[in-house]
Each structure stands twice: as C-alpha cells, then as structure tokens.
Amino acid sequence: MATGQTLLNRLEAVDDDLDLQSGETDVTHGLIWLNAAQDYFESIVALHRNCFGSGVSTVSTSASTETSAWPTNFLRIDKLQMLNSSTSLPQWDIEIVEDVGGHLYDISTYHSQYNTSSTGEPRQAWLNGTNVYWGPIPNGTHTVRVYGFASAGDITAGGTFAYPDIVIQPIVEFAGSMAQRKVDDGEENYQLAAEVLFTPVIELLSHYNRAGLSVPVYTRSHYA
C-alpha cells in the first residue's frame, strides 16, 4: 500500500527543487499541497454518484426529535436503510425525498400514512447537508445505515494513502501545480489542471460495474 511518503517522493520527482524526504525542509509544505489536492479530488468525486460509494456508517434517531446530525465526513449520501434492532440487518429502504422539507406531509393535503403530528419508525428522509430530517418524527432511538462517499483523513508521511494507486499521480501533479503557483496566477489554471488530471480517473472509477442495466424497483402503488 502506498503511504504519504510515496506521494512526497512522486512530488519531489515532479518538482526537483523540493526537499521532501524525512526531516527535510519542504515536508510540511508538501503535505499541505497534497492534502489540498486530495480535498479538491474528493469534491469532484462527491459529485459522481457511482464513484467511491462504498462508505458505510450509521446515524441514530432520538424520540420526538425531527433531525439527526449529518454522518461524519460524508460528502454524499446515496442510500439510507432502517436497521432491525435485533439483527442489525436492513429492514427497509428509507425514501430520500427531493422537495425541500418534504419529509412530513399533512394528511389533510396528501394521501399519506402519517402527518406532522405523527411519530413512528422513519420511512422518509430529507437531506440538507447538515442534518437528516425524518418522516415521520421518530418515536424512539433507531439506527439507520448510511451508504455514500466519506472524505478520507489527511495525508501524513507515514500514513497509508486512502485511494487506489491510479489516483496518486493526478493528486501529485495537482499538488505540484500548487507548489509552483505564483501570486498573480488565475484560478482558471487550477480548473484546467483539475479537468485534465482528474477527469480520466473519475470516469474510470465511476464505471467499475459493467453488469448491464438494472431492473426497475417500484415502491408505490396507486389505487383508484
């Protein structure tokens, strides 16, 4: 497995004016540039639903409390599942609603099984990046599994690099462009560098599954 020193070595090869071996003068700045490049890379990954969606965590609900805190370090949530309290296995998918505040519908307006005064086990959720809003309002402590993309920890010289080896060179090249940046360089240079360096890797990592089209799953039925 690659370590942070692996990336520092590559960065030294990109810019041979840097001294990035253990104890040398540029190590601190090298790690700053590498972590800034990793942050930029993760901001792009988070926009692609099928890229690095293997992050799994849980959030807990509280009785009569509408929200739970956003799961730590998650930049993208792909799916939520209610867990069985006895087996800790998924019981059902929680529907992620798109309309703002749409997790609670008034029963007098919508044909819904609950309203704004109902409590129960969560069946729906609305996400705003800071909190998860539940519908109905939880009637107790429940555990919900979260799937999505969570950012990695900071790169350190001795720590293991969190991503596949094919990600190393784009991050190093982007960090190298930061190391060589001048005060009056425009932001468009970074945008161009990011497009050239990261796009092929993101496309590759987003197409790992070539099994074919998925079969539609219908979760609602309409009765006349």
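**Figure 1. Pairing of strand 1 with strand 9.** Two strands count as paired if DSSP finds at least two bridges between them. In this predicted model, strand 9 (residues 143–150) is joined to strand 1 by six bridges. The two strands run antiparallel.

**Figure 2. The fold as a whole.** The protein holds four helices and nine strands. Read from the N terminus, the elements run α-α-β-β-β-β-β-β-β-β-β-α-α. The protein has 224 residues, and 40% of them count as buried. Consider the contacts with a separation of 6 or more: 66% of these link residues 24 or more positions apart.

Figure 3. Strands of a sheet pair through backbone hydrogen bonds, either parallel or antiparallel.

**Figure 4. Strands 4, 6 and 7.** Strand 4 and strand 6 (residues 124–127) are parallel and share two bridges. Ile96 has Ala125 of strand 6 as its bridge partner. Strand 6 also pairs with strand 7, here in the antiparallel sense and over four bridges. Leu127 is bridged to Val132 of strand 7. Strands 6 and 7 form a hairpin, with three residues between them. Gly129 lies in the turn and has a positive phi of about 90°.

**Figure 5. Helix 1 against helix 3.** Helix 1 spans residues 4–14 and helix 3 spans residues 168–179. Their axes come within 9 Å and cross at roughly 55°. Angles from 65 to 115 degrees count as roughly perpendicular and those under 35 as roughly parallel; helix 1 and helix 3 are therefore oblique to each other. The crossing of helix 1 past helix 3 is right-handed. Helix 1 contributes Thr6, Leu7, Arg10, Leu11 and Val14 to the contact. Helix 3 contributes Ile168, Gln169, Ile171, Val172, Glu173, Ala175 and Gly176. Seven residues of this contact are nonpolar, three are polar and two are charged.

**Figure 6. Helix 1 against helix 2.** The axes of helix 1 and helix 2 lie 10 Å apart, and the helices pack at an angle of about 100°. Helix 1 and helix 2 are therefore roughly perpendicular to each other. On helix 1, the contact is made by Leu7, Leu8 and Leu11. On helix 2, Val27, Gly30, Leu31, Trp33 and Leu34 take part. The contact has seven nonpolar residues, one polar residue and no charged residue. Leu7 and Leu11 of helix 1 also belong to the contact with helix 3.

Figure 7. Leaving out residues up to four places away in sequence, Asp26 touches Asp17, Leu18, Asp19 and Leu20.

Figure 8. Gly135 and Pro136 are joined by a cis peptide bond, with omega about -5°. Pro136 lies in a loop, between strand 7 (131–135) and strand 8 (137–138). Most residues other than glycine have a negative phi, and most peptide bonds are trans.

Figure 9. Asn73 is not a glycine, yet its phi is positive, near 70°. Asn73 lies in the loop between strand 2 and strand 3 (74–83). Its relative accessibility is 47%, so Asn73 counts as partly exposed. Ser88 also has a positive phi, near 60°, and is a residue other than glycine. The loop that holds Ser88 runs between strand 3 and strand 4 (90–96). With a relative accessible area of 45%, Ser88 is partly exposed.

Notes
Residues are numbered from 1 along each chain as its sequence is written. This is a predicted model: local features need pLDDT of at least 70, side-chain atom pairs count only at pLDDT 80 or more; totals for chains, interfaces and linings use all residues. Side-chain values use heavy atoms; hydrogens and water are left out. Axes are lines fitted to C-alpha atoms, for helices over the stretch in contact, and angles run from 0 to 180 degrees between N-to-C directions. Angles under 35 degrees count as roughly parallel, over 145 as roughly antiparallel, 65 to 115 as roughly perpendicular and the rest as oblique. A crossing is left-handed if the near helix is turned anticlockwise from the far one by less than a right angle, and right-handed if clockwise. Contact means heavy atoms within 4.5 Å. Ala, Val, Leu, Ile, Met, Phe, Trp, Tyr, Cys and Pro count as nonpolar, Asp, Glu, Lys and Arg as charged, and the others, Gly among them, as polar. Buried means under 20% relative accessible area, exposed over 50%, partly exposed in between (1.4 Å probe, protein chains only).
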